[in-house]
Every structure is written in C-alpha cells, then in structure tokens.
Amino acid sequence: MTSTPFTTRFKDDDSLFYISIILGLGFIWSMFAAHPTGVSALLYPTLEMHGYMMMFFFLLGILAVVYKVGDGVPKIDQSEYEDGVVKAGVIATTFWGIAGMLVGVIIACQLTWPNIFYFDNLPWTNFGRLRPLHTSAVIFAFGGNALIATSFYVVQRTCRTRLAGGMWPWFVFWGYQLFIILAATGYLAGVTQSKEYAEPEWYVDIWLTIVWVAYLMVFMATLYKRKEPHIYVANWFYLAFIITVAILHLVNNLALPVGAFEAKSYSLFAGVQDAMTQWWYGHNAVGFFLTAGFLAIMYYFIPKRANRPVWSYKLSIVHFWAVIFIYIWAGPHHLHFTALPQWTQTLGMVFSIMLWMPSWGGMINGLMTLSGAWDKLRTDPVLRMLVVSVAFYGMATFEGPLMSVRYVNALSHYTDWTIGHVHSGALGWNGFVTFGALYCLVPWLWKKKELYSLRLVEWHFWLATIGILFYITSMWVSGIMEGLMWRAYTDLGFLEYAFIETVSAKHISYIVRALGGTLFLLGTLIMAYNIRMTIKGRGLAEALDGDVPLAKKPALPAAQPILVGE
C-alpha cells in the first residue's frame with residue numbers, strides 16, 4: 001500500500017489549506033510587528049508584546065494543521081453532528097464568564113474602597129484599564145462564546161445537517177479566543193483606541209474581521225445544505241446578529257494606522273460624526289449582539305426545555321422583522337443635549353420608544369410558550385432560570401425606551417441609573433438565558449441523563465437573583481439621587497452640592513452593588529462546579545447509551561412548521 005504524498009493530502013481538505021495560508025501570513029506579519037523600528041516607537045505604544053503573542057499562537061496553529069495533515073486528511077462523518085467545537089464553546093463560555101465577573105467585582109470594590117484597591121506601581125490594575133477589560137470580557141468573551149457555541153448547536157439540530165466547512169468551525173473558535181486574549185492584554189497594556197465596546201486597535205479588528213467572516217460563511221453554508229426545508233426562527237435571529245455585527249464592526253472601526261507595524265491608529269471620523277458613528281455602533285452592539293443573538297437562544301432552548309411549541313410562530317416572525325428594522329435607528333438617544341442635530345436626537349428617541357412593541361411581543365411569546373407547562377417551574381430550576389431571563393428582558397426593554405425620552409435622559413444620563421439599567425439586562429437577561437442554555441447543553445453534549453445536581457442549580461438561581469436585585473436597586477437609588485443632586489441649586493443660583501459630595505453620598509449604594517456582584521459571581525462558580533461534575537458523570541449525571549446518528553434521526557412531519565425537538 002503506497003502512501004499519499006504530503007502535499008497531495010494537504011490539498012485534499014480545502015479548509016485546512018486556506019486556514020494554513022491565513023496562519024502563515026499572520027505569522028510573517030507578526031514577526032515584523034514584534035520588532036518595532038523608527039521614531040514612532042518612542043511616541044506610541046509598540047506592537048512588540050502582541051507581535052510575539054501572535055507569533056506564538058499562529059505557530060501553534062500551523063503545527064496543529066501539520067499534525068492533522070500528517071495523520072492524513074481528517075475523515076468527516078457527515079452522519080454525525082460536529083459537537084466537539086460546541087463542547088469547547090461551553091467550556092470557554094464558563095471560563096470567560098468567571099474571569100469577566102471576577103474583574104467586575106474587583107472594579108466594584110475599587111469604586112467602593114479606592115484607597116485599598118489602588119496600586120500606584122501597577123498601572124494595569126487601575127480602574128481605567130480594568131473597566132474595559134470587564135465589559136469586553138462579559139460581552140464578547142462570555143457572551144460571544146455563548147452565541148457561537150449555541151448557534152453551532154442550534155443550526156445543526158434545526159437544519160438536520162452537520163456544520164459546514166470542515167475545520168473552519170474550529171478556526172472560528174480558536175481565532176475568537178485569540179481575539180479575546182489580544183483585546184484583553186491590550187486593555188491592560190493601554191493599547192486601545194478608546195471607543196466604547198470597540199477598544200481594540202486596528203490589527204486586532206482586522207483579525208476579528210477574518211474570524212467573523214469565517215463564522216458567517218460556516219453558518220450560511222450550513223443553512224444552505226440543510227435537510228429541513230423550514231428555517232427555524234432562531235436561525236433568523238442568529239443570522240441577523242452575525243451580519244449586522246459585521247457591518248457595525250467594519251464601519252465603526254474604519255481607521256488609519258500610523259504604520260503597518262505600529263499599534264496606534266486614528267479614526268476616519270471626527271467630531272460629532274465620530275460620536276454618531278460610535279453610538280450607532282454602541283447601541284446596536286447591544287441591539288444585535290446582546291439582544292438578537294440571545295433571542296435566538298430563547299427561541300430554541302425555552303421550547304426545547306419545556307417540550308412545548310413556540311406559543312405563536314407568526315408573532316416570532318413579526319418580532320424578528322420589527323426588532324431588526326427599528327433597533328438600527330435608536331443609537332442617537334445616547335447623544336441627547338450634545339452637538340448632534342436635535343432632529344437626529346429626536347429620531348433616535350422615537351425609534352427607541354417604538355421598540356417597546358416588538359420587545360414586549362417577544363417577551364410575551366417566550367413566556368406564553370409555557371402554556372400548559374407552568375407546573376414545570378416548580379420542579380425544574382433550569383427552566384425557571386430561562387423564564388426569569390425573559391422577564392428581565394421585558395423589564396430592560398421597558399426601561400431602555402423610557403430612559404431615551406429626552407427629559408428622563410436629562411436626569412438619568414451619566415449617572416448610576418444607566419449602570420443599573422445595563423446590568424439588569426446583562427445579568428438578568430443575557431446572564432440567565434446563557435446559564436439556562438449551558439445547563440441544557442452539558443447533559444445533551446456529554447450524553448448524561450441529568451445534571452450532577454439540580455439542588456446546586458437552585459442555589460445558583462437564588463444567589464444570582466438576589467445578587468441582581470441588590471445590584472440594580474442600589475444603582476437605581478444611587479443614580480436618581482446623583483441626578484437630583486447634580487441639578488440642585490441654592491437660592492443664589494449656585495450648585496448646592498460639590499461633585500465629591502455626590503460621590504460620598506453613593507458609598508452605601510456602592511457597598512450593596514459590590515455585594516450583589518459577589519453573589520452573582522458565587523452563583524457562576526457553583527455552575528462551573530456543577531458542569532464539571534456533570535461532565536465527569538457524578539451524582540445524577542448517569543451516562544446515556546449514546547446519541548442517535550444523524551442519518552437515523554426521524555424527519556419532522558411536513559405539516560409541522562414549529563421545531564421544538566431534534
């Protein structure tokens with residue numbers, strides 16, 4: 001038996017061939033970036049640290065490809081789902097969730113007790129660097145991995161086909177982890193472009209673009225080769241999230257670097273145009289990354305866990321089109337009372353208020369999916385967590401339009417009320433729906449009958465719920481008090497309170513906020529332990545006989561338009 005030449009086998013798998021080209025070009029670029037030259041190295045942060053990091057990771061990727069090809073082109077069994085990358089996504093989501101929430105507790109303590117948590121000789125521990133690390137870790141690392149993992153799981157089950165692209169899904173996963181590491185270390189080193197939710201510099205943005213295009217192509221190719229003629233609504237939301245985030249990322253991060261191997265860049269926008277572009281991006285990062293993508297999770301995992309069809313499939317379609325059309329216009333409400341033309345501010349406010357209707361329509365659809373199964377909330381804490389997440393979604397999407405009204409915004413903007421609002425959505429909606437999805441996925445992926453301990457899920461649910469309530473109520477009290485103090489005047493027309501007095505008045509609220517964040521983090525640690533023990537097969541997590549091959553899974557009846565199972 002003759003062996004196949006290495007080069008022939010290398011080209012047998014197109015995905016490995018193109019991935020190796022990307023990794024090779026990245027390695028060559030990073031070699032130059034790791035050795036800065038010229039006067040600019042004295043004026044701007046250099047790429048030396050990230051250059052060496054990228055060299056290391058690209059070299060690891062190249063070696064992995066060579067190892068794969070050296071063993072022969074991987075044989076892909078199209079009769080089985082690609083669940084390996086989903087498992088990796090579940091573990092990454094759990095890890096980054098703990099990391100991001102831990103940093104959140106640290107910076108909450110820094111704001112509460114600044115003398116204890118300030119280190120003069122360690123600039124990377126300052127609040128100004130840790131705060132974007134926290135926001136990006138919980139949004140893009142925790143939330144992003146959850147979206148990638150669940151989308152890869154859901155699209156396979158609802159299309160009854162294996163993920164397309166060969167090794168491209170693994171490129172998406174590991175490429176996204178590299179983006180997270182580059183972004184996080186850049187924040188700590190002070191290498192950022194100082195844009196909210198878009199801090200990474202130009203070279204990190206380019207890498208994320210490459211990874212995101214690969215993600216889009218994997219998802220679309222899987223939809224294209226589906227065996228189920230119907231495209232379930234969760235896939236609509238996932239696709240809208242992927243495409244819109246790509247557009248937002250490309251436009252908002254248009255910039256000119258100082259040099260091809262320099263870390264510094266300058267935005268193509270300036271002044272009020274830059275502000276408008278940033279908050280068009282910033283609000284729609286919330287609208288499509290933190291809302292549309294997670295609505296896809298809701299539309300799959302709540303019906304699946306409750307074993308009930310979506311309450312109204314027609315309403316889900318109306319919900320989809322209304323949300324994606326209206327949300328994209330709402331960004332200007334972040335710029336009330338600024339140099340932005342008032343008609344633009346009003347446009348953003350009007351569209352924000354219009355969002356009440358589709359948002360609450362989606363909330364009602366999610367909650368009413370439990371019709372005939374409400375009794376399960378007493379015995380299934382995972383389903384309870386998913387349902388409570390929808391309730392928080394409804395609350396956050398009521399409060400957001402309210403705060404966009406110009407005269408409410410005059411009181412709330414730049415205060416802790418905004419912080420409370422953001423965390424009611426991030427912790428209650430995004431956090432709980434992700435936790436619920438992870439609790440569903442782990443037994444399904446690792447072929448276990450149940451989680452290790454449902455009692456631990458109960459503990460997680462109540463610790464996290466109490467933590468959220470401590471957090472948002474303290475910030476509501478603090479924010480409204482802060483806004484009222486800022487606008488208080490004496491009889492002579494002078495400000496009644498100095499800024500430091502407002503800071504001092506918020507101290508108790510900040511202690512409660514730190515306590516709430518700690519409780520939420522503790523619940524996440526309990527979840528991580530539960531997941532680990534479930535994977536190991538301890539407690540209630542008894543092994544199943546195995547999954548049914550894809551080719552043998554029964555097709556859905558042609559007359560049933562609503563997918564609720566596999």
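**Exercise 1. Determine whether glutamate 196 is buried or exposed, and identify the salt bridge of its side chain.**

*Solution.* Step 1: glutamate 196 has a relative accessibility of 19% and counts as buried, where buried means under 20% relative accessible area, exposed over 50% and partly exposed in between (1.4 Å probe, protein chains only). The model is predicted: local features need pLDDT of at least 70, side-chain atom pairs count only at pLDDT 80 or more, and totals for chains, interfaces and linings use all residues. Residues are numbered from 1 along each chain as its sequence is written, and side-chain values use heavy atoms, with hydrogens and water left out.

Step 2: the side chain of glutamate 196 meets that of arginine 131 in a salt bridge, at 2.8 Å from N to O. A salt bridge is a side-chain nitrogen of Lys or Arg within 4 Å of a carboxyl oxygen of Asp or Glu. Arginine 131 is in helix α6 and glutamate 196 in the loop between α7 and α8 (202–224), so the pair ties together parts 65 residues apart in sequence. Helices (H or I, at least four residues) and strands (E, at least two) are DSSP runs, numbered from the N terminus.

Step 3: arginine 131, at 27% relative accessibility, is partly exposed.

**Exercise 2. State how many salt bridges the structure holds, and locate the partners of the one between glutamate 82 and arginine 162.**

*Solution.* Step 1: the structure holds eight salt bridges. Side chains of opposite charge can pair when their charged atoms come close.

Step 2: in the salt bridge between glutamate 82 and arginine 162, the closest N and O atoms are 3.3 Å apart. Glutamate 82 is in the loop between α4 (48–70) and α5 (84–112), and arginine 162 in the loop between α6 (127–159) and α7 (168–189); the pair links distant parts of the chain, 80 residues apart.

Step 3: glutamate 82 is buried, with a relative accessible area of 12%, and arginine 162 is buried, also with 12%.

**Exercise 3. Describe the surroundings of arginine 305.**

*Solution.* Step 1: arginine 305 forms a salt bridge with aspartate 380, with the closest N and O atoms 2.9 Å apart. Arginine 305 lies in helix α10 (residues 271–306) and aspartate 380 in the loop between α14 (376–379) and α15 (381–404), so the pair ties together parts 75 residues apart in sequence.

Step 2: arginine 305 counts as buried at 16% relative accessibility, and aspartate 380 is buried at a relative accessible area of 12%.

Step 3: leaving aside neighbours within four places in sequence, arginine 305 is in contact with Lys376, Asp380, Val382, Leu383, Leu386, Cys440 and Glu450; contact means heavy atoms within 4.5 Å.

**Exercise 4. Characterise valine 512 by location, accessibility and contacts.**

*Solution.* Step 1: valine 512 lies in helix α20 (residues 507–535).

Step 2: valine 512 is partly exposed, with a relative accessible area of 29%.

Step 3: not counting residues up to four places away in sequence, valine 512 touches Phe470 and Ser474. Valine 512 and alanine 543 are 31 residues apart in sequence, and their C-alpha atoms are 42 Å apart in space.
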